[in-house]
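Hello,

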Amino acid sequence: MGSPTPVLSVRGLTVSFASAQRERILAVDGVSLQLHAGESVGLVGESGSGKTTVARAIAGLLTPDSGKIELDGTSLTRRSRSDRRAIQLVFQDPFASLNPRRRIRGVLRELLHVHGLASDPEIEARCVELMSLVGLPAAALDRRPAAFSGGQRQRIAIARAIAVEPRLIVADEPVSALDVSVGATILALFDRLRSELDLGLLLISHNLAAVAAICDRVAVMYLGRVVEEGPRAAVFDDPRHPYTRALLDAAPRLRPEPSEGPRIRDEAPPAGARPSGCAFHDRCPRAEEICRRESPELRAVDGQPQRAAACHFSNEPHTGGRAR
Amino acid sequence: MTAPALEVRELALSVGDRRRRWRVVDRVSFAVEAGRSLGIVGESGSGKSLTLRGVMALTPAAVRIDAGSVTLAGEELPLHGRRTRVARRGRLAMIFQDPLSALDPVHPAGAQVAEIARRVGGRSRRAAWVRAIELLDLVGIREARRRAHDYPHQLSGGMRQRVMIAMALASEPAVLLCDEPTTALDVTVQAQVLDLLDSLRAELRLALVFVSHDLAVVRSICEEVAVMYAGRFVETGPTAALLEHPRHPYTLGLRQAVVDVDDAGRAPRSIPGELPEPGQLPPGCPFNPRCTYADDACRHGTVELESHGEAGRAVACLHSDRVPAP
Amino acid sequence: MVIGVAAATFLLLHAVPGSPAREVLGEHATPAAVAALNHRWGLDRSLGSQFVRYVGDLVTLRLGVSFVYGISVISLIGDHLAETAALVGIATLFAVLITVPLATLAASRRDRLADQAVRGLSVLGLGMPAFWFGIVLIEIFALRLGLLPVGGAGSGLWGHIESLILPGLTASFAIVPLLVRSLRVGMLEVLGADFVAAARANGLGELRVLLWHVARNAVIPTLTLLGLNIAYLVGSTVIVENVFALNGLGSLLLSSISSRDFPMVQGITLVLAISVVLINLATDLLAARLDPRIRLG
Amino acid sequence: MTTATLGTGALRRRRRLSLHALRRFPALTAGLTLLFVIVMAVILAPVISPYSPNQQNLFHILAGPSWAHPLGTDQLGRDELSRLLWAGRTDLRVGALAVIFPFCFGTLVGTLAGYYGGWVDSLVMRVVDVLIAFPFYVLVIGLVFIVGTGTRGIYIAFAVADWVVYARTVRATTLIVRESEYVAAAKVGGLSDVRILAGHVLPNTISQAIVYIMSDIVLVIVAVVTLSYLGLGVQPPTPDWGTMVSDGQEFLTTDWALATLPGIAVVLVGLSLSLVGDGLADLLRPE
């Protein structure tokens with residue numbers, strides 16, 4: 001699993017926002033994550049789960065209420081320019097994340113220059129190299145974002161992220177605005193860059209399939225908390241939280257599942273209306289009295305120390321909704 | 001056999017201005033029977049949404065319907081002129097990708113459903129409201145009576161899409177066109193909405209046309225599927241057989257680009273190149289520059305959709321027999 | 001907001017460089033005379049103490065006594081307010097009556113001849129000085145055709161209304177080009193909205209779509225726009241009153257300026273600004289009432 | 001979604017300001033041409049105007065068009081055409097100069113307020129709201145009253161009253177751009193605030209202000225002419241369109257052209273600038 005000190009270590013991250021009625025709403029509630037060099041972790045959750053807030057907090061775009069974010073073991077309370085460089089963010093909407101008035105070359109040059117990553121004569125060659133790393137021709141440097149399709153723009157956004165030679169890329173729903181077929185190429189690109197450049201990758205998505213394709217480990221979020229985490233294969237084959245089970249059941253598949261059962265009901269409530277006890281109990285097919293009263297802690301699954309789940313019944317396999 | 005609920009023949013649409021026009025939907029034909037469903041799959045820009053708009057005669061200003069016929073239960077509908085709307089009233093309805101923008105922000109959800117039930121369904125004001133509550137209940141909105149007074153911005157994404165479906169049903173259509181209705185939704189909600197559409201199809205014997213870029217989504221709701229590329233259908237057939245063994249290299253590419261949770265760890269394979277823009281179509285088969293099987297015949301000859309061995313399948317490829325199973 | 005406006009009025013009239021006393025007495029006035037006048041107006045005291053007195057006066061609704069007329073500013077303003085209010089009212093009415101059909105026409109015939117014509121006219125209108133437009137209207141309707149009075153208030157109710165038609169048109173034209181342009185864009189946005197396509201797709205008739213969806217959604221931006229432009233409209237009435245010899249606040253303001261009636265200028269400025277604030281508040285509240293997204297948060 | 005992609009797809013081409021581009025923006029071309037003609041005419045007024053604007057000929061007053069006086073003469077027998085040209089010199093110059101300070105100051109204040117938010121923003125917006133509440137003409141007339149009539153008064157009045165429009169427009173777009181993902185990306189990329197403001201925010205916000213300048217010059221010229229008409233602006237004998245209208249108004253029944261022609265001149269200037277503004281808006285809009 002790489003070096004003993006993780007590239008990224010997040011502990012007890014808590015972020016709240018003021019609502020329109022000026023109440024504090026907890027968007028992220030005590031989230032902890034670790035990521036090693038060259039490792040890819042998938043953070044999965046639906047809208048309102050707080051996954052984007054986690055991404056923005058890690059990238060330093062917002063200040064958490066509490067919690068620690070460490071890079072290679074040093075805390076990032078005040079970020080220097082090189083701290084910022086180390087963590088790069090790729091956004092969901094490639095049409096919004098590129099400055100419409102800047103040519104690609106200008107954007108890359110500025111970054112290389114500010115961080116002193118290439119001397120003036122080398123800058124051009126480096127720009128060309130970055131383009132080829134993401135599979136675009138050098139001629140693309142002369143164009144503005146409007147000249148590119150969604151998939152090409154996302155490649156440019158990735159080139160911009162790797163230009164500053166980061167340790168870690170946080171990708172926030174990088175393929176959900178794209179067609180499935182285009183998204184596939186972007187996922188493949190992330191996978192290749194991760195191994196070629198020894199990058200850490202935190203892939204944030206509502207789509208289990210995207211995570212399934214390229215992530216080593218998975219963490220599932222529901223209403224601001226991590227409810228299950230562990231190695232991908234273990235979590236997908238034998239989920240220990242009914243919400244993970246539900247996500248897996250709901251994912252569209254190419255091959256029909258013989259035993260498709262009833263779906264979980266409704267949608268997640270807004271972050272301000274967190275149910276008492278286990279936040280998932282009102283949608284959970286397995287909920288019992290204790291779930292309504294007590295909020296389960298995220299704890300290791302018996303016999304599988306690398307895994308954890310926040311469910312009172314995490315030590316029993318969840319056949320979830322389909323058994324009923 | 002009676003006429004299919006919806007039959008579209010040789011529909012052709014073009015975009016452009018006075019000087020230049022480009023074909024964006026090229027002689028597309030399909031038919032759907034009552035209680036059945038057809039999926040149209042393609043990338044953005046392939047012309048799949050425009051096909052629906054063309055059937056609806058709701059094309060944007062720059063797009064023109066050049067040719068083709070749309071037949072509803074044996075009766076041909078006008079594609080131009082004054083009567084396009086009236087001829088479709090209460091027979092064809094459509095739901096959209098983004099339910100927030102497809103609902104009017106200033107009217108309550110129930111009122112929007114009732115408005116259609118009243119003006120299209122010909123009910124009295126009171127009866128229309130009762131019908132609206134019934135429909136909201138039918139599409140799975142709990143406490144429909146109370147929720148009917150909510151405005152769209154007060155509803156969750158899934159509920160908005162349910163309201164959209166209720167509005168479409170309020171006109172009591174025989175055919176429901178769905179334009180990527182679940183793309184903007186979360187997975188669990190997407191599954192709920194797909195289930196809902198599937199049960200409505202069966203219960204109300206709706207003919208369903210479902211447009212999506214995601215083969216896996218279409219697989220879960222459509223019996224038949226048509227794959228669209230650069231404005232043309234390149235392969236059609238029963239969904240299961242088509243996914244089992246695609247006969248068009250593009251279908252194979254789409255199929256392999258989809259990763260689903262069952263094949264975790266398999267990095268997705270992608271189709272090289274990009275969809276050509278209208279007006280920049282290569283001669284011959286439009287897919288030839290991105291195709292591994294392309295030869296001179298593909299680059300110069302004409303390639304038409306032709307039926308292919310197995311029942312109900314058709315493919316527009318000169319090398320369909322060389323395409324391997326995925 | 002009202003407090004802010006009051007403070008700004010004070011600051012603008014007191015802190016901006018310039019000496020009203022010197023302006024009144026002319027270039028060659030002796031320093032002693034200037035000082036005497038400044039003392040009479042209380043302008044020789046510190047800014048702070050002037051402000052305290054000003055606020056005290058405002059709270060008790062005393063706006064001072066006119067130098068020229070020798071009676072209280074507030075009663076003079078009261079006498080002239082009705083005329084200006086009537087003019088603003090009629091101009092707003094005209095503005096709405098002209099803007100809504102033109103913008104609707106242009107938006108529904110996008111890029112066709114009617115749209116081009118409306119857009120062309122509004123571009124022309126943007127550069128048209130209100131006073132000049134008033135003169136042209138007088139020339140055509142009053143002098144050549146003799147249909148309407150050249151100016152003055154007219155007698156009787158009908159005479160009064162008649163006398164306000166040309167001024168009303170003139171004042172409304174100060175904002176109509178802007179309103180038409182903005183509302184056209186707003187209507188285009190609504191017409192292109194998904195919910196309009198959805199309503200059509202579900203079989204709703206074109207008239208119902210226009211009435212139930214488009215009109216209802218276009219009212220909100222129209223109101224907001226009116227609110228934003230009302231200040232400009234009120235300002236233009238000053239000029240329009242002058243052109244048509246109407247005896248409203250604008251004429252009073254101009255005559256007070258030429259006679260250097262300091263308290264009068266201050267009072268009128270304040271009253272007009274506060275009216276604008278109140279009208280804005282009213283349109284904002286109304287727009288919020290009509291928009292469930294604001295009303296229900 | 002498909003239609004949107006198609007729209008941009010079909011037009012996805014590089015856009016450059018060239019003769020070819022001009023042909024694609026007919027409004028801009030027409031506006032620029034008209035503006036060029038007007039500006040050249042007033043700049044060359046000393047050369048091309050047949051008479052001095054103030055040369056009186058009391059034996060030849062209120063004359064109609066003739067070879068000697070193509071647009072006739074006024075009540076003092078001055079040549080109408082010469083006066084129109086010289087008046088344009090005054091009004092266009094005042095209009096163009098009066099917007100410089102509002103544009104610079106308003107853009108700066110709006111950008112800072114929008115980008116940094118917080119108390120700076122609250123303070124600026126409070127001031128803007130208050131100033132915007134004053135009816136424009138009342139404010140300007142009031143200021144001219146204090147500062148004194150003439151062009152100096154107009155410059156000061158506009159400096160006080162007009163920057164708020166720029167501040168408000170620029171602040172509104174800055175607020176949007178500030179939240180945009182490309183600015184977030186620039187922050188994550190470690191760029192300094194100054195770099196982000198100058199390189200990523202301003203290029204996206206200033207175009208609106210630049211487009212607005214055109215309608216603002218129209219507004220200023222109309223205001224200058226209006227003030228002069230009221231006797232508060234440009235003072236005689238300096239020729240100006242406003243005083244020309246007010247002088248001509250007396251003779252409306254006998255010689256309508258005297259009051260009408262200067263107005264048409266203003267409308268033409270307004271038309272050309274509005275067309276340029278609309279054209280610029282199209283040109284500067286990111287594809």
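The buried residues of H10(B) are covered by elements that include helix H6 (180-197) of chain A. From chain B, the cover includes strand E3 (37-41), helix H8 (215-221), strand E9 (224-229), strand E10 (232-238) and helix H9 (239-244). Please keep in mind that this is a predicted model.

H10(B) runs over residues 249-257, and eight of its nine residues are buried, so the helix is largely enclosed by the rest of the structure. The buried residues are Pro249(B), Tyr250(B), Thr251(B), Leu252(B), Gly253(B), Leu254(B), Arg255(B) and Ala257(B).

Chain B as a whole has 11 helices and 12 strands. Its radius of gyration is 20 Å, close to the 20 Å from the globule rule for 326 residues, so chain B is as compact as a globular protein of that length. The C-alpha trace of chain B spans about 65 × 50 × 40 Å along its principal axes. Buried residues make up 54% of the 326 in chain B. Among contacts in chain B with a separation of 6 or more, 64% join residues 24 or more positions apart.

In chain C I looked at one helix pair. The axes of H6(C) (residues 113-126) and H9(C) (residues 176-191) come within 8 Å and cross at roughly 140°, and the two helices are therefore oblique to each other. Their crossing is left-handed. Val118(C), Ser122(C), Gly125(C) and Leu126(C) of H6(C) meet Val176(C), Pro177(C), Val180(C) and Arg181(C) of H9(C). By class, this contact has five nonpolar, two polar and one charged residues.

Regards

How values were computed:
Residues numbered from 1 in each chain as written. Chains lettered and ligands numbered in written order. Predicted model: local features only at pLDDT ≥ 70, side-chain atom pairs only at ≥ 80, totals over all residues. Buried ≥ 20, exposed ≤ 12 C-beta atoms within 10 Å, placed from the backbone. Helix = DSSP H or I, 4+ residues; strand = E, 2+ residues; numbered from the N terminus. Contact = placed C-beta atoms within 7 Å. Rg over C-alpha atoms; globule rule 2.2 N^0.38 Å. Axes fitted to C-alpha atoms, helices over the stretch in contact; angles between N-to-C directions. Parallel < 35°, antiparallel > 145°, perpendicular 65-115°, else oblique. Left-handed = near helix turned anticlockwise from the far one by under 90°. Nonpolar A, V, L, I, M, F, W, Y, C, P; charged D, E, K, R; others polar.
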